[in-house]
Amino acid sequence: MAKVNINSLELTKQLNQLGAKHYAEGDYSKAVNVYQQALGLAQTLDNQSLEANILLGLGWTYQKIEPSNSQYPLMRQTHQYCLELAEDIGDQWLIAASSISLGNLYWKLKQTDETVTYTQQGLKAARQVHHLSLEINALSILRQVYQALNQPLPEEISSVTPSGESVLSTLGINATELKRDRKHPHRVQYRAVINWLTKYRASKDSQTLEQIKGYLEAFHHLSKADNWKAASQLISVNLNTPTSEAVHNQLKTWGHYSEQAELYKNLLYKVDSTWDVICLNGLANSQTSLGAYREAITLQQQHAEIAAHIKDHQGEAYALGNIGLNHYYLSQYHDAIEYLQKSLDILKQLQDYRAVQMFLGDLGLAYYGLGQYQQAIDCHQQTLDLARTHDNYRGEGEALGNLGSAHAGLGDFMKAVEYHKQHLAIAQELDDRQAEGNALGNLARAFQSLGKYTQAIKLQTDSLQISKELHDRRGQAASYCFLGSAYFDQGDYVMADKHYTQALSISRAIGDNRCTCQAMSGLGTVVHVQGKPQEAVSLHQQALELAQSIEDQGSQATIFGHLGNAYLDLEDYANAVQSQQQSLKLAWETNDRNQERLALAGIADIGFYVGEYEQALDFYQRSLAFAQELKIKSDETTMLNNIGTTLLQLEKYSEAQTYLLEALEKSRKMSATTTEARALRSLAELHYVLGNLEQALEHCQKAIEIATTLDSPLLNACQALKQKLVQTLKTKNPPIDK
């Protein structure tokens, strides 16, 4: 009889292992069938520990096959029974695993009281057995609950780092044994590791680096002890943050690129080929974040070579895809497409659909860069189909966001808004704060293009708040830069200056060269409209040198356009023309139709100022056609005003009035106060020429009021015109002699 029991026990264990194998392979129906056989045998053996383990696996399997049933009845029943057995036999690991699973289930069901009760029970048990992954899962669930309830985190779950004892257990460091072993060659280093992980406590309001100082210091001591395996395990620990990332990835999210790179430099070629690939990829991504795209490509090429050597085809494909992405950042779109296509060919053979989806999205971005918006849309549509086929809800959101950007490239900003709103809804449903911030930012850009500045600013401010919450300094810099642009377009130069300055400060601190270029040139536009063109030239030239150093052609094209405008105000027409021509040339090379539109307008401005009105009119009209095609309402309004003002100089008064009135109406609808003031000033000039002095004075006074509010250089021109109008009215209507 005993022999039969032994055979039955072994068979039950084998069936349990087979069920786990089917589960891992995603064959859930087979897993259920095998687990149920194992469960029946375990119950006949009266082996509660084995029975509970089988129930745990069975419950996880039910969780996968019951999403259509919003109540998950089988999963709940199975894990509840598992928990009861675990409590009977006092198995803390099983108590932790089943309790946390139930907590996660009740969180899906939005039953917060039950979620907290079970998850806290699981957290306590996980900490008793020092099980790191279970502890982190519990902390993640509890963090989500308290954030959803808008309540502060309780002290026992507020720390970014899990318990030091759990981490030490994972690293295989036993404090008791080390205390007895006084002859251990690295005893001092390990004692330091234990102290940093168990005794260091960051203050509640400390900065991000301070919160993980214990980990960074422990990493340093493990390095001194040449325990590179433990050092790599330590920085792989997931933190109790909104993104739940490993230490080394969290550093990037927080914007600490140099600290992240330092970890990779220390570990490179110290652990194994797998970690060499991780380090090279991480170092390359760090260089990408800093705008050092060529250095990133060199590192990714090394990554690809090592991956190919160890036959890590997936790693090789990732490296090739990232090389393509860096070529995209260098505006080398054809090279980007070549590498991304190589990556996709490998990944499709491996059936790595998540990676296919990711790099297919990047391929769409490369086509977007070439101005081939329909090809970009085709790529993003394929990405969307893949995400939906493989139930990748997060990927579905990303694809929708990219589709929104591609439609914005076609000038269909209303459709872009529609896609970005869908992305935002998915991000919020998943409580993916990073994705939510990105969606809000993209939605803001679409609204800005539609001339809806108030909405754009509100959305981008919300995006900024999320970046602050996630300690994402790169995201903060990008948001500040956008807000500077939005306030500038709205005519609020004080707020534009404030936000560009904040963007510049952060981007310089983290080494984000692309954002530094944009912020510095943005400040140049602000000082320019404030009547300081020479200072603007200096800022634009500094930004241009940086953009050239990182080979960012898109930024170069924009900055050359700004330089041309500044030189024009300095009456340096030769440099103004040269700058705008450079901008136009780069726009053609990168197929940037929007920048081409701006360069055409810049050339038109020069023609206007030197009195070549027919030439100016031609270029303004070409720029207007682009603005209308791309549905950029704000710039369409500006061009309407410029065309009207040019027609005024050509003495085509009827046509001039038509354009100026349309510009005035549209600028008021969009709250584009700068363009409104300019249109009013030109209408005042028109009515002066036509002899409608009272109407001219009325328009001029309104222009003065707006220009005064904006502190705009236009104020001087308006006041001069008003003085002329008042004088003419006095001459026309002399005072009566009493």
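**Working chat on a helical chain**

Q: How much of the protein chain counts as buried?
A: Of its 738 residues, 52% count as buried. Keep in mind that this is a predicted model.

Q: How many helices and strands does the chain have?
A: There are 39 helices and 0 strands in the protein chain.

Q: What box do the C-alpha atoms fill?
A: Roughly 130 × 55 × 55 Å, taken along the principal axes.

Q: And what share of the contacts comes from residues 24 or more positions apart?
A: Such pairs make up 55% of the contacts in the chain with a separation of 6 or more.

Q: Let's look at one helix pair. At what angle do α18 and α19 pack?
A: About 165 degrees, and their axes are 8 Å apart. Helix α18 covers residues 293-309, and α19 covers residues 313-329.

Q: Parallel or antiparallel, then?
A: Roughly antiparallel, because the angle is over 145 degrees.

Q: Is the crossing left-handed or right-handed?
A: The crossing of α18 and α19 is left-handed.

Q: Which residues meet there?
A: On the α18 side, Tyr293, Ala296, Ile297, Gln300, Gln301, His303, Ala304, Ala307 and Ala308. They meet Gly315, Glu316, Ala319, Asn322, Ile323, Asn326, His327 and Tyr329 of α19.

Q: How does that contact split by class?
A: The contact of α18 with α19 has 9 nonpolar residues, 7 polar and 1 charged.

Q: Buried or exposed?
A: Histidine 248 counts as buried because its relative accessibility is 9%, and the cut-off for buried is under 20%.

Q: What does histidine 248 touch?
A: Leaving out residues up to four places away in sequence, histidine 248 touches Ile235, Ser236, Gln260, Leu263, Tyr264, Trp275 and Ile278.

Q: Which side chain does the histidine 248 side chain join in a polar contact?
A: That of tyrosine 264, at 2.6 Å.

Q: Now threonine 112. Which helix is that in?
A: Threonine 112 lies in α6, residues 112-128.

Q: Why does threonine 112 count as partly exposed?
A: Because its relative accessibility is 22%, and partly exposed runs from the 20% limit for buried to the 50% limit for exposed.

Q: Which residues does threonine 112 touch?
A: Trp107, Val145 and Leu149, with residues up to four places away in sequence not counted.

Q: How far apart are threonine 112 and isoleucine 550 in space?
A: Their C-alpha atoms are 50 Å apart, and in sequence the two are 438 residues apart.

Key:
Residues numbered from 1 in each chain as written. Predicted model: local features only at pLDDT ≥ 70, side-chain atom pairs only at ≥ 80, totals over all residues. Heavy atoms only, no water. Axes fitted to C-alpha atoms, helices over the stretch in contact; angles between N-to-C directions. Helix = DSSP H or I, 4+ residues; strand = E, 2+ residues; numbered from the N terminus. Parallel < 35°, antiparallel > 145°, perpendicular 65-115°, else oblique. Left-handed = near helix turned anticlockwise from the far one by under 90°. Contact = heavy atoms within 4.5 Å. Nonpolar A, V, L, I, M, F, W, Y, C, P; charged D, E, K, R; others polar. Buried < 20%, exposed > 50% of the residue type's maximum accessible area, 1.4 Å probe, protein only. Polar contact = N/O pair within 3.5 Å; in protein donor to acceptor, adjacent residues only side chain to side chain.
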